[in-house]
Amino acid sequence: MHIDVAKAVDHARHCLNSGCSSVTLFGTTGEGSSIGDEERGVVIQAFLDAGIEPKQIVVGVMANSYVDAAVQSRHALDAGCRGVLLAPPSYFKNVSDDGLFVWFSSVFTEIGVRVRDVILYNIPSVTAVEISVELVSRLREAFPKVVAGVKDSSGNWPFTEKLLAKHKDLAILIGDERSLSAGVRLGGQGAISGMANLYADRLLPMVNEGRDDPAMIEAVNELLKFPVTPAVKALVAYHAGDDGWRRARAPLQALPDLDYKRLTGIFDRLFVAAAA
């Protein structure tokens, strides 16, 4: 299955025009772990050729080998991209903070003098590996000019509070929209968000003002009842009127028709009917 690069570029432009300050390539909802190195290079170059500014592009890196993670990161940084969203290795489970510290340190060292603007990606519901607050502290101390932020998609509010209390001088980006407004009120600096694919304009008051949005919280709760990445892609397809967006790359599969109808009906009730 080939990547429809033109469609990806058009969607990125739509997100930027809707209020996003950047787009993230190869994140979780972008099926980043399923995209090969050669494909990644093609997509990044296509975005640059289309006139999307490098400073508007964050590149997700999801690799088990620190060597592979460094290669992918270097490619993005050498292209001038805004930064790298770096997930921990996830094949081995129950790894220690010491082991993760060595892995991240090896990635940074392998990248070399060009290493910069790394956003640590904490999403244990997917990786089954947590980036602890203490690990963030150790990495910052060892590499003070490298770690620019943390994307916290833990969905664990006590963890988010602790992270913000210790590291609010970093760009703490909330990945779980249910915690976004509260996180911003405690010093969070925004979001890298799956829902931004759909409702960037609606997220702006949450990001800029810490304003609560009960409908958004309910929408995320409903979304989580489905396989998340295929569900987000299904909603993009629905909004764009383009069924091509429903496709997913193995091992993920497109949302079944019945679930598609249920999901889009729920979101119409929450957002379209409420706005009418």
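Predicted model: local features only at pLDDT ≥ 70, side-chain atom pairs only at ≥ 80, totals over all residues.
The secondary structure of the protein consists of 12 helices and 6 strands. With a radius of gyration of 18 Å, close to the 19 Å that the globule rule gives for 276 residues, the protein is as compact as a globular protein of that length. Along the principal axes, its C-alpha atoms fill a box of roughly 55 × 40 × 35 Å. Of the 276 residues, 49% are buried. Contacts also reach well along the chain: among those between residues at least 6 apart in sequence, 66% join residues at least 24 apart.

The interior comes next. In soluble globular proteins, nonpolar side chains tend to be buried together. Here the largest nonpolar core holds 80 residues, and those with the most contacts inside it are Phe47, Leu86, Phe104, Phe108, Leu120, Met195 and Phe267. Helix α4 (residues 97-111) gives this core its largest share, 7 residues. A closer look at Phe108 shows contacts with Leu86, Val115, Val118, Leu139, Phe143, Val146 and Val147, once its neighbours within four places in sequence are left aside.

Two of the strands can be followed as a unit. Strand β5 (residues 147-152) pairs with strand β6 (residues 171-174) in the parallel sense, over 4 bridges. One of these links joins Gly149 to its bridge partner in β6, Ala171.

The buried residues of α11 are Thr229, Pro230, Ala231, Val232, Lys233, Ala234, Leu235, Val236 and Ala237. After α11 comes Gly241, whose phi is positive, near 65°.

Finally, Thr24 lies in strand β1 (residues 23-25). Thr24 counts as partly exposed because its relative accessibility is 27%, between the 20% and 50% cut-offs. Ser132 is 108 residues from Thr24 in sequence, and their C-alpha atoms are 23 Å apart in space.

Notes:
Residues numbered from 1 in each chain as written. Heavy atoms only, no water. Core = buried A, V, L, I, M, F, W, Y, C linked by side-chain atoms within 4.5 Å. Buried < 20%, exposed > 50% of the residue type's maximum accessible area, 1.4 Å probe, protein only. Contact = heavy atoms within 4.5 Å. Pairing = 2+ DSSP bridges. Rg over C-alpha atoms; globule rule 2.2 N^0.38 Å.
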